Amino acid sequence: MEAIAINKQSQYKAEITMKYDVSVYKKTGNEFERVPKEYLKRGNAYQVKAITDDYIQLVNGHYIVNVDPRQYDIQFGEVTMNERIPICSRSGVILRYVEAGQKFKIRSIHDNCIGIGSKQYVSMQHDITIKYL
């Protein structure tokens, strides 16, 4: 799968924070090679340039491969609610309402909704303000 950019005006498209120390790789041709004695440290934030199904490319040119999504938190930006808005499941079931002015980190982006974590989504059809990284 080819890497895609969400916000072409930004130098990077997301920020990733590791929950554990993770090995770093470099890409030589089509192969990934582990960088000896170099790790992404737990709790530190790193800027992401590209994301595919196979790897995450960092702005510094290093790669993360074979990492489970439960090992990191990722943020694509921030969404602000401009009115009272329902928070829904992916299937559209209303889970709760949030008030105007509340802000959430964008954890995932889908066709017509934004994931704000814990399987909770906001429809892009509502009055919201999106600020990408």
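Biologist: Hi! What kind of model is this, and how are its residues numbered?

Modeller: It is a predicted model, in which local features need pLDDT of at least 70 and side-chain atom pairs count only at pLDDT 80 or more, while totals for chains, interfaces and linings use all residues. Residues are numbered from 1 along each chain as its sequence is written, and side-chain values use heavy atoms, with hydrogens and water left out.

Biologist: Good to know. How many helices and strands are there?

Modeller: The protein chain has 0 helices and 15 strands. Helices (H or I, at least four residues) and strands (E, at least two) are DSSP runs, numbered from the N terminus.

Biologist: And what box do the C-alpha atoms fill?

Modeller: Roughly 50 × 30 × 25 Å, taken along the principal axes.

Biologist: What share of the residues is buried?

Modeller: Of the 133 residues in the protein chain, 38% are buried. Buried means under 20% relative accessible area, exposed over 50%, and partly exposed in between, with a 1.4 Å probe and protein chains only.

Biologist: What about the accessible surface?

Modeller: That comes to about 8,500 Å² for the protein chain, and 44% of it belongs to carbon and sulfur atoms. The areas come from the Shrake-Rupley method with a 1.4 Å probe; for residues, only the protein chains shown count as cover.

Biologist: How much of the contact count comes from residues 24 or more positions apart?

Modeller: They account for 53% of the contacts in the protein chain with a separation of 6 or more. A contact here means heavy atoms within 4.5 Å.

Biologist: Let's switch to cysteines. How many disulfides did the search find?

Modeller: The search of the whole structure gives 0 disulfides. C88 is in none, and its nearest cysteine sulfur, that of C113, is 9.0 Å away. A disulfide is a pair of cysteine sulfur atoms within 2.5 Å.

Biologist: Are those two cysteines buried or exposed?

Modeller: C88 is buried, at 17% relative accessible area, and C113 is buried too, at 9%.

Biologist: Now charges. How many positive and negative side chains are there?

Modeller: There are 19 positive and 15 negative side chains, and the centres of the two sets lie 4 Å apart. Lys and Arg count as positive and Asp and Glu as negative, with His and the chain ends not counted. The place of a charge is NZ of Lys, CZ of Arg, CG of Asp or CD of Glu.

Biologist: How many salt bridges does that leave us to look at?

Modeller: The whole structure has 3 salt bridges. The term means a side-chain nitrogen of Lys or Arg within 4 Å of a carboxyl oxygen of Asp or Glu.

Biologist: Which residue pairs with K19, and where do the partners sit?

Modeller: K19 pairs with D73, with the closest N and O atoms 3.8 Å apart. This one links distant parts of the chain: K19 is in the loop between β1 (14-18) and β2 (22-28), while D73 is in strand β7 (residues 72-75), 54 residues apart. K19 is partly exposed at 36% relative accessibility, and D73 is partly exposed at 36% as well.

Biologist: And what does E99 do?

Modeller: E99 meets R84 in a salt bridge, 3.1 Å from N to O. That pair also links distant parts of the chain, with E99 in the loop between β10 (94-98) and β11 (103-106) and R84 in the loop between β8 (77-81) and β9 (85-88), 15 residues apart. E99 counts as partly exposed, at 43%.

Biologist: New topic: K105. Where is it, and what does it touch?

Modeller: K105 lies in strand β11 and is partly exposed, at 41% relative accessibility. Not counting residues up to four places away in sequence, K105 touches Q75, G77, G115 and I116.

Biologist: Last one. What is the phi of S118?

Modeller: Near 50 degrees, a positive value in a residue other than glycine. Most residues other than glycine have a negative phi. S118 sits in the loop between β13 (113-117) and β14 (120-123) and is exposed, at 67%.

Biologist: And K119?

Modeller: The phi of K119 is positive too, near 60 degrees. K119 is in the loop between β13 and β14, and is exposed, with a relative accessible area of 69%.
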